[in-house]
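Hello,

Here is the structure I promised to pass on. Please have a look at it first, and then read my notes below.

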Amino acid sequence: MSTKVGIIGAGGMASFHIGGFRTGGAEVVAIADTNPAAAKKAAARFEIPKSYSDAAAMLSAHPEIDAVSVILPNKFHKPVAIQALQAGKHVFCEKPPALHAAEVVEMKSAAEAAGKTLMFNFNNRARPDSQAVMDYIRDGSVGQINSAQAKWCRRAGIPGFGGWFTNKALSGGGPLIDLLHMVDLAFYFMGCPEPEFVLARTFDDFITDKTFKGPWGIPDVADGVTDVESAAHGLVKFRTGQVLTFQASWAEMIKREEVSVVFQGRKAGGSVQRLFGRDGLDDTAIDTAEIYSQEHGRPVNRSLVVEPDPAMGRERSAANFIHTIEGTAAPLNTPDQALSLMKIIDAAYESSTTGKPVAIA
Ligand SMILES: NC(=O)c1ccc[n+]([C@@H]2O[C@H](COP(=O)([O-])OP(=O)(O)OC[C@H]3O[C@@H](n4cnc5c(N)ncnc54)[C@H](O)[C@@H]3O)[C@@H](O)[C@H]2O)c1
């Protein structure tokens with residue numbers, strides 16, 4: 001019998017979850033959104049039999065649901081994920097895991113108490129190019145990764161003004177928390193080591209300048225709040241001695257949008273990189289995945305040729321969740337890894353406020 005899934009949140013990301021769950025062999029039985037029109041519209045578009053304006057109503061009407069997706073503004077990740085775990089459902093939650101590390105601790109405890117799987121949508125781990133590079137990391141060709149550089153920077157990519165993305169109480173912050181994907185991917189490549197301290201600085205230039213609006217995102221809210229950063233730069237030192245530098249921006253003077261992780265290992269280096277044609281539009285994007293080594297005294301650069309994945313792993317990641325709960329695949333991420341990542345993000349914001357490196361307990 002196929003795994004039955006309920007979707008909570010009918011916004012921009014729902015289509016990837018629904019597609020990925022179906023590819024993974026699951027059945028999507030219902031969708032809930034506090035905006036009933038959005039829930040109905042998505043139900044019709046994706047041929048989902050039932051829609052609800054309340055997650056609790058969906059959960060009580062469908063005891064057959066095994067798992068839910070939480071695809072909501074970040075503030076609602078923790079309460080809704082815990083509500084579903086307490087109802088005995090496995091949970092696949094969008095990134096960032098929550099607003100703060102302390103919330104992830106609560107979510108992890110709820111999953112443990114319920115004996116259910118909790119995973120997060122770190123979809124960039126699921127990309128074919130990331131997995132191709134991982135093959136060289138797993139087989140020992142790269143050796144310990146000493147250092148990595150993670151970037152998701154946009155020149156003009158503010159996802160709307162005054163909506164939930166730019167309201168710190170609803171989002172937890174700007175690009176540092178929103179575009180944490182590349183910090184996560186570098187952390188994954190590095191073997192998810194324990195972070196020791198973070199030194200970081202955020203900047204808020206251009207955050208209210210409408211000429212820096214991205215070509216996608218959510219509608220502006222005229223009287224809404226815009227109180228997050230526009231860019232963040234920092235360094236993470238891990239207890240292993242490994243170091244990671246990062247750059248995340250929605251608005252910054254760079255040539256073009258870049259999404260990349262570059263790393264230097266003891267035996268080989270490598271990179272996964274996407275250079276966008278224009279911010280947020282990937283029709284002319286250049287994707288590369290490479291391994292750099294020294295062979296017979298010469299530098300060798302290998303280009304890994306993989307199938308293109310315009311969804312950037314989003315559907316593969318959702319399918320991995322289904323296969324994980326069915327016991328046919330290993331999870332692409334764990335709550336402990338999500339917790340370490342959120343500790344890095346918390347420490348980066350704190351470091352920016354104090355102007356000092358912040359130790360992670
Ligand atoms: N993995 C990725 O690549 C990626 C990309 C974009 C967004 N996201 C994440 O996905 C999440 C949702 O983003 P989005 O772009 O779909 O947002 P969105 O604003 O398009 O959609 C959010 C939906 O949630 C509904 N909603 C709000 N509160 C609710 C509640 N308590 N219960 C039920 N429904 C509620 C809203 O009515 C809206 O329809 C965010 O956490 C975001 O960070 C991930």
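Which strands does helix α11 lie across? Helix α11, residues 335-354, lies across β8 (195-203), β9 (231-238), β10 (243-249) and β15, and runs at about 50° to β8. Please keep in mind that this is a predicted model.

Those strands belong to an open sheet of nine strands with mixed pairing, in the order β14-β13-β12-β11-β7-β10-β9-β8-β15. The edges are taken by β14 (298-303) and β15 (358-359); each has a single partner strand, so one side of each has no neighbour in the sheet. For β14, pairing with β13 is antiparallel and spans six bridges. Within that pairing, Y292 has N301 in β14 as its bridge partner.

β13 gives the largest share of the lining, four residues, and the elements that give two or more residues are α6 and β13 (286-295). By class, the lining has seven nonpolar, two polar and seven charged residues.

Finally, a helix pair: the axes of α6 (residues 128-138) and α9 (residues 181-189) come within 10 Å and cross at roughly 25°. An angle under 35 degrees counts as roughly parallel, and α6 and α9 are therefore roughly parallel to each other. On the α6 side the contact is made by S130, Q131, V133, M134, I137 and R138, and on the α9 side by L185, Y188 and F189. That contact has six nonpolar, two polar and one charged residues.

Best wishes

Note on methods. Residues are numbered from 1 along each chain as its sequence is written. This is a predicted model: local features need pLDDT of at least 70, side-chain atom pairs count only at pLDDT 80 or more; totals for chains, interfaces and linings use all residues. Side-chain values use heavy atoms; hydrogens and water are left out. Axes are lines fitted to C-alpha atoms, for helices over the stretch in contact, and angles run from 0 to 180 degrees between N-to-C directions. Angles under 35 degrees count as roughly parallel, over 145 as roughly antiparallel, 65 to 115 as roughly perpendicular and the rest as oblique. Contact means heavy atoms within 4.5 Å. Ala, Val, Leu, Ile, Met, Phe, Trp, Tyr, Cys and Pro count as nonpolar, Asp, Glu, Lys and Arg as charged, and the others, Gly among them, as polar. Two strands pair if DSSP finds at least two bridges between them.
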